[in-house]
Amino acid sequence: MSADKSTSWSYAEDLPAEDEVMLRARERSFELGVTPIGAGVGAVLTVLAAGSKAQTAVEIGTGAGVSGVCILRGLGPQAVLTTIDVDVEHLKAAREAFSEAGSPANRTRTISGRAGDVLPRLTDSAYDLVFVDADKPGLPGYVDQAVRLLKAGGLLIINDALDKDRVANPAVRESNTVVLRQVGKAIRDDDRLASAMLPTGDGLLVAVKK
C-alpha cells in the first residue's frame, strides 16, 4: 500500500464521530476481552442497513453490542434485530448498549447459543440483512444459513474478510485465513449472489441475494 493510500485509509477509518453510547459500548467490549468493530466499519453498517431499508436483521456474533447499535441506527423504527452469541455476558452487555442507545426492547431479540445450532431454527427467506462477525471455522456454515435466511435483495455482510491483509497473500496458509479465502471465492462464484469486497476495517465482504 502506498503512503498516500495508507493515509487515505486511516483518514476514512477515523472520520466517523462516535457518541458516548458507542464509547461506553467499546469500554465494555474491552472489559470482556472482545475486539469490537472499528468506527469505519460501524459507519458502513449503519449506511448499509439504512440503504437496504431492512425490517429484519440477524447478527451472528453479538460481542458487547457495538455492531448491533450501528445496525439498529440504520434500521427503521419498526425493524427488529436478532443477535446470536454463545456468551451470556456478551449478550448482557449488548442489551445494556441497546438500552443506552434508546432502542426499545421489542426491537431486539438476543439469543444465547451456538450459531450453528440457532440459525437452522430461523425461518427461510425471512430476513433483509445478515451480519457475520463470528468464529472463522464456522463461517462456511454460517454463510450457507445466511443465504437461506435472506429474502431476494437481502444483504450478507461478513466482517474481517481480509484477515488483516493475510487473505490477499497466497503464502499465508493459516487455517482461519484459508477459510476466509475459500469463503470469499465461493461467494464470488455463487450465481445466487452479487458481491464486492470493501477494504473498510479488516475487510467487509458484502453480497446481495439476487
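Most residues other than glycine have a negative phi, and most peptide bonds are trans. Lysine 53 sits in the loop that leads from H3 to strand S1 (56-60); helices (H or I, at least four residues) and strands (E, at least two) are DSSP runs, numbered from the N terminus. The residue is exposed, with a relative accessible area of 67%; buried means under 20% relative accessible area, exposed over 50%, and partly exposed in between (1.4 Å probe, protein chains only). The model described here is predicted, so that local features need pLDDT of at least 70 and side-chain atom pairs count only at pLDDT 80 or more, while totals for chains, interfaces and linings use all residues. Residues are numbered from 1 along each chain as its sequence is written, and side-chain values use heavy atoms, with hydrogens and water left out.

Helix H3 itself covers residues 39-52, 14 residues in number, and spans 20 Å from its first C-alpha to its last. This is close to the 20 Å expected at 1.5 Å a residue, the expected span being 1.5 Å times one less than the number of residues. Its buried residues are Ala39, Gly40, Val41, Gly42, Val44, Leu45 and Ala49.

Aspartate 163 belongs to the loop between strand S5 (150-159) and H8, and it is buried, with a relative accessible area of 7%. Its side chain is joined to that of threonine 177 by a polar contact of 2.6 Å (a pair of N or O atoms within 3.5 Å; within protein, one must be able to donate a hydrogen and the other to accept it, and residues adjacent in sequence count only if both atoms are side-chain atoms). Threonine 177 is part of helix H8 (residues 175-189) and is buried as well, at a relative accessible area of 0%. Leaving aside neighbours within four places in sequence, threonine 177 is in contact (heavy atoms within 4.5 Å) with Asp163, Arg166, Val167 and Val172.

Attention now turns to helix packing. Two packed helices are described by the angle between their axes and the distance between the axes. Helix H2 (residues 20-32) packs with helix H4 (residues 66-74) at an angle of about 155 degrees, their axes 9 Å apart; axes are lines fitted to C-alpha atoms, for helices over the stretch in contact, and angles run from 0 to 180 degrees between N-to-C directions. H2 and H4 are therefore roughly antiparallel (over 145 degrees; under 35 counts as roughly parallel, 65 to 115 as roughly perpendicular and the rest as oblique). On the H2 side, Val21, Met22, Ala25, Arg26 and Ser29 meet Val66, Val69, Cys70 and Arg73 of H4. These residues divide into 6 nonpolar, 1 polar and 2 charged (Ala, Val, Leu, Ile, Met, Phe, Trp, Tyr, Cys and Pro count as nonpolar, Asp, Glu, Lys and Arg as charged, and the others, Gly among them, as polar).

H2 also packs with helix H5 (residues 88-100), the axes coming within 9 Å and crossing at roughly 170 degrees. H2 and H5 are therefore roughly antiparallel to each other. By class, their contact has 5 nonpolar, 1 polar and 5 charged residues.
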